[in-house]
Amino acid sequence: MKKQFLEAGKIVGVHGLKGEVKIDPWCDGPDFLSRFKRLFDKNENEMKVTRARVQKNIVIVKFSGVDTPEDAQALRGRLVYIDRADVRLPKGVYFVQDIIGLEAVDVDDGTVYGSVTEVYQTGANDVYQITKDGRDHLIPKIPEVVTRVDIEEGKIYINTKNIGGLFEDEN
């Protein structure tokens, strides 16, 4: 089941004297997070963003009703969430949280190789960590290897012919 609210970052400090906070983004980056007009706390309470800007690798955010350094300090350490309804993903792009837990299946014979337990974002392409019986395997998320991702079905389909015996020792 897809979560409606996704972890997007953590409030790590106070900025200035007007109640702004520093958020360490856990999503695609500070530019992505700075575009949201609202964020949410762990109880799904809306936090209206009145202003946001990127500073190096963090986002400086001013929330409505947070007007002093003391108000901002009270938020330090809290996680912030985004509502998936506020994001339009391009076709073939998924939230990492939706990929974790998918079953990795051979596209040709249906062999199950394990589940996706981690997604590493390397720059060139993502790398999926597939885990079965305590053993981890890393596969590149490239079209020649990961032929299809089906979130609704809960599976990713892998063409093992293109990854040279990575799973052969499993059988």
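Val 119 is buried, with a relative accessible area of 9% (buried means under 20%, exposed over 50% and partly exposed in between, using a 1.4 Å probe and protein chains only). This is a predicted model, where local features need pLDDT of at least 70, side-chain atom pairs count only at pLDDT 80 or more, and totals for chains, interfaces and linings use all residues. Residues are numbered from 1 along each chain as its sequence is written, and side-chain values use heavy atoms, with hydrogens and water left out.

**Val 119 and its surroundings**

- You'll find Val 119 in strand E8, residues 112-121 (strands, E, are DSSP runs of at least two residues, helices, H or I, are runs of at least four, and both are numbered from the N terminus).
- Leaving out residues up to four places away in sequence, Val 119 touches Val 96, Ile 99, Ile 100, Asp 126, Val 127 and Tyr 128 (a contact means heavy atoms within 4.5 Å).
- Take Ile 99 from that list: its C-alpha atom is 7.8 Å from that of Val 119, though the two residues are 20 apart along the chain.

**The whole protein**

- The secondary structure comes to 3 helices and 12 strands.
- A compact globule of 171 residues would have a radius of gyration near 16 Å, but this protein has 20 Å (the radius is taken over C-alpha atoms, and the globule rule is 2.2 Å times the number of residues to the power 0.38).
- Along its principal axes, the C-alpha trace spans about 60 × 30 × 25 Å.
- Of the 171 residues, 39% count as buried.
- Look at contacts between residues at least 6 apart in sequence: 50% of them join residues at least 24 apart.

**Two buried aspartates**

- Asp 98 sits in helix H3, residues 96-99, and counts as buried because its relative accessibility is 11%.
- The side chain of Asp 98 makes a polar contact of 2.9 Å with the side chain of Arg 84 (a polar contact is a pair of N or O atoms within 3.5 Å; within protein, one must be able to donate a hydrogen and the other to accept it, and residues adjacent in sequence count only if both atoms are side-chain atoms).
- Not counting residues up to four places away in sequence, Asp 98 touches Lys 2, Arg 84 and Ile 151.
- Asp 83 belongs to strand E6, residues 79-83, and is buried with a relative accessible area of 8%.
- Arg 38 is the partner here: its side chain and that of Asp 83 make a polar contact at 3.4 Å.
- With residues up to four places away in sequence set aside, Asp 83 touches Gln 4, Phe 5, Arg 38 and Phe 40.

**An aspartate with more on show**

- Asp 71 lies in helix H2, residues 69-75, and is partly exposed at 33% relative accessible area.
- Beyond its neighbours within four places in sequence, Asp 71 is in contact with Gly 65 and Val 66.

**Loops with a positive phi**

- Most residues other than glycine have a negative phi.
- Glu 44 has a phi near 65°, a positive value, and its place is the loop between strand E3 (38-40) and strand E4 (46-55).
- Glu 44 is partly exposed, with a relative accessible area of 47%.
- Lys 56 also has a positive phi, near 60°, and sits in the loop between E4 and strand E5 (58-63).
- Lys 56 counts as exposed because its relative accessible area is 80%.
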